[in-house]
Amino acid sequence: TCVKLGDKKGLRAVAVKGSTDTFIVKGNQEAHAKWEAKFGQSLANKKIDKAEIDRDYAVACVADWNGKTDFGPTTVNGYELIQFLKKNSGIVSPILGVAMLLNNFLAEEAKS
């Protein structure tokens, strides 16, 4: 089933220019905390793959991808999304940007 933006607060749509894929991103504080810890470790340990850390965080924050849901680490949809983001690594950044806003890591510009 597709996740609709009106179903929950804390969801944002992400559509990447030049791509037909759409994503609905959700806040996920647990995934954000894991990302922060691993990012800190990656600064001192060059063997830690920063792209993989970012991709895992993005997958954990995607609630809907083209109408698909359930992106757990052992699900078919989770595997497909990971493979898609490996092949289309430029899409990870826009998903991360929205996830970081939803997780209150980045401040959103105040509306006047």
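Biologist: Hi! What should I know about the model before we start?
Modeller: It is predicted, so local features need pLDDT of at least 70 and side-chain atom pairs count only at pLDDT 80 or more, while totals for chains, interfaces and linings use all residues. Residues are numbered from 1 along each chain as its sequence is written, and side-chain values use heavy atoms, with hydrogens and water left out.

Biologist: Great. How many helices and strands does the chain have?
Modeller: The chain has four helices and three strands. Both kinds are DSSP runs numbered from the N terminus: H or I with at least four residues for helices, E with at least two for strands.

Biologist: And in what order do the elements run?
Modeller: Starting at the N terminus, the order is β-β-α-α-β-α-α.

Biologist: What share of the chain is buried?
Modeller: Of the 112 residues, 36% are buried. Buried means under 20% relative accessible area, exposed means over 50%, and partly exposed is in between (1.4 Å probe, protein chains only).

Biologist: Take Met100, then. Where is it, and is it buried or exposed?
Modeller: Met100 sits in helix 4, which covers residues 92-102. Met100 is buried, because its relative accessible area is 11%.

Biologist: How far is Met100 from Gln29?
Modeller: In sequence they are 71 residues apart, and in space their C-alpha atoms are 9.5 Å apart.

Biologist: What about helix 2 and helix 3?
Modeller: The axes of helix 2 and helix 3 come within 10 Å and cross at roughly 135°. Helix 2 is therefore oblique to helix 3, and their crossing is right-handed.

Biologist: Switching to loops: what can you tell me about Asn66?
Modeller: Asn66 is in the loop between strand 3 (62-65) and helix 3. Its phi is near 50°, a positive value in a residue other than glycine. Asn66 is partly exposed, with 39% relative accessible area.

Biologist: And Asp70?
Modeller: Asp70 lies in the loop between strand 3 and helix 3. Asp70 is not a glycine, yet has a positive phi of about 65°.

Biologist: Where does Gly72 lie?
Modeller: Gly72 is in the loop between strand 3 and helix 3, and is partly exposed at 21% relative accessibility. Its C-alpha is 8.3 Å from that of Val59, 13 residues apart along the chain.

Biologist: Last topic: which residues lie nearest the centre of the largest pocket?
Modeller: Ala31, Asp56, Tyr57, Val59 and Ala60, out of 18 lining residues. Helix 1 (29-44), helix 2 (50-61) and helix 3 (76-87) each supply at least two residues of the lining. On a 1 Å grid over the protein atoms alone, a pocket is an open set of points where a 1.4 Å probe fits, with protein on both sides within 12 Å along at least five of seven lines, and lining residues have an atom within 4 Å of a point.

Definitions and conventions
Axes are lines fitted to C-alpha atoms, for helices over the stretch in contact, and angles run from 0 to 180 degrees between N-to-C directions. Angles under 35 degrees count as roughly parallel, over 145 as roughly antiparallel, 65 to 115 as roughly perpendicular and the rest as oblique. A crossing is left-handed if the near helix is turned anticlockwise from the far one by less than a right angle, and right-handed if clockwise.
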